[in-house]
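Subject: Handover of a structure, with notes on its pockets, cavity and packing

Dear colleague,

Please find below the structure that I am handing over to you. My notes on what was found in it follow directly after.

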Amino acid sequence: MTPAEPSFELLTGAGASPVILHVPHSAREIPDDVRAGIVLDDSALARELDHITDAHTAGIADEAARLAGVTPWRFVNRLSRLVVDPERFPDEREEMGAVGMGAVYTRTTHREVLRPDGHDPEPLLSRYFRPYAQAMTEAVAQRLDAVGRVVIVDVHSYPTAPLPYELHGTGPRPPVCLGTDAFHTPPALLTAAREAFAGCGETGLDSPFSGTYVPLDFYGREPRVAALMVEIRRDTYMREPGGPAGPGLGRLAGALARLVDAVSG
């Protein structure tokens, strides 16, 4: 990836689809100049990527798009969240800043130093975070203009055992966790998700992770934008940490496709 190439990709769906599958944490790539600002050696960085990456979630979204009766749109981050995390607030509103994991991480999943104290996040925010946010805002606006509503399904995964960085890691860790927002997650969307993932094991709510991603231009003010986070426990589809996918990937992709179809009509 060259500096001129975008760090994200909007993959075209059906013209009538209101659904955007958002995949922010599936990639491992880090540009060389960004890598230079990370203090971990190569082996430690590889281990950190194993823990922090939502491995194979882009593959789950790809397969779900292929299976769905109405092809959803997909907005996919092509860089590691160790470059920037597009789902975090870039300011003091972000609670994960307390453990050095705001929009630009300075600590690892095990609370070790990732970037040195005094690191200036602004160059990374300008180069990666803000263009990503703007492009996602535009993607949502385009769907609103085209079909009058949007359903953002945020596709994530999480480890079977809690990692030291987690602020709320002591609660239930079901096979599928649904993250909700009081304004943007209507009951019908939550019901559709529970029905779609019923064959994948227990479906929990807002534990160990809660909330969902909505671009700030629409957050809390545009009821036509619905959103739900789908957090998949990694042992249901892959070998942890950072290993290959297994047969569970197809089952989960099929469930995600059922959710897409349920909310596309």
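Two residues are said to be in contact, or to touch, when heavy atoms of theirs lie within 4.5 Å. Please bear in mind throughout that this is a predicted model.

I begin with I30, to which that term applies. I30 sits in the loop that runs between β2 (19-23) and α1. With a relative accessibility of 14%, I30 counts as buried, because the cut-off for a buried residue is under 20%. Leaving out residues up to four places away in sequence, I30 touches R35, I38, L45, L49, S80, L82 and V83. A further relation in this region concerns R81: I30 and R81 are 51 residues apart along the sequence, yet their C-alpha atoms are 8.8 Å apart in space.

Two of the residues touched by I30, namely L45 and L49, also belong to the buried set of helix α2 (residues 42-52), which consists of A44, L45, E48, L49 and I52. These residues cover an arc of only 140° around the axis, and therefore lie on the same side of α2. The element against which the buried residues of α2 pack is α1 (32-35).

The structure holds 1 cavity of 30 Å³ or more, and the largest cavity contains about 40 Å³ of space. Its lining is formed by S7, N77, L79, S80, V83, V84, P86, Y128 and Y132. By type, the lining of the largest cavity divides into 6 nonpolar and 3 polar residues, with no charged ones.

The open pockets come next. How much space lies in the largest pocket? The volume is about 1000 Å³. The largest pocket is lined by 43 residues, and those that lie nearest its centre are E87, R88, E94, S210 and T212. The elements that give two or more residues to this lining are α4 (122-147), β4 (150-158) and β7 (225-233). Of the elements, α4 gives the most to the lining of the largest pocket, with 5 residues. The lining of the largest pocket comprises 18 nonpolar, 10 polar and 15 charged residues.

The second largest pocket has a volume of about 190 Å³. It is lined by 14 residues, of which P90, G102, A103, V104 and P121 are the closest to its centre. Here the lining divides into 7 nonpolar, 5 polar and 2 charged residues.

Finally, I return to T212, one of the residues nearest the centre of the largest pocket. T212 lies in the loop between β6 (203-205) and β7. Is T212 buried or exposed? With a relative accessible area of 16%, T212 is buried. Its side chain has a polar atom 3.4 Å from the backbone oxygen of L228, and a polar atom of the T212 side chain also lies 3.1 Å from the backbone nitrogen of M229. Neighbours within four places in sequence aside, T212 is in contact with D154, G179, T180, D181, T185, A227, L228 and M229.

With kind regards

Definitions and conventions. Residues are numbered from 1 along each chain as its sequence is written. This is a predicted model: local features need pLDDT of at least 70, side-chain atom pairs count only at pLDDT 80 or more; totals for chains, interfaces and linings use all residues. Side-chain values use heavy atoms; hydrogens and water are left out. Buried means under 20% relative accessible area, exposed over 50%, partly exposed in between (1.4 Å probe, protein chains only). Helices (H or I, at least four residues) and strands (E, at least two) are DSSP runs, numbered from the N terminus. The arc is that of the directions from the helix axis to the C-beta atoms. On a 1 Å grid over the protein atoms alone, a cavity is a set of points where a 1.4 Å probe fits but cannot get out, and a pocket is an open set with protein on both sides within 12 Å along at least five of seven lines; lining residues have an atom within 4 Å of a point. Grid points are joined across faces, edges and corners, and a volume is the space filled by probe spheres set on the points. Ala, Val, Leu, Ile, Met, Phe, Trp, Tyr, Cys and Pro count as nonpolar, Asp, Glu, Lys and Arg as charged, and the others, Gly among them, as polar. A polar contact is a pair of N or O atoms within 3.5 Å; within protein, one must be able to donate a hydrogen and the other to accept it, and residues adjacent in sequence count only if both atoms are side-chain atoms.
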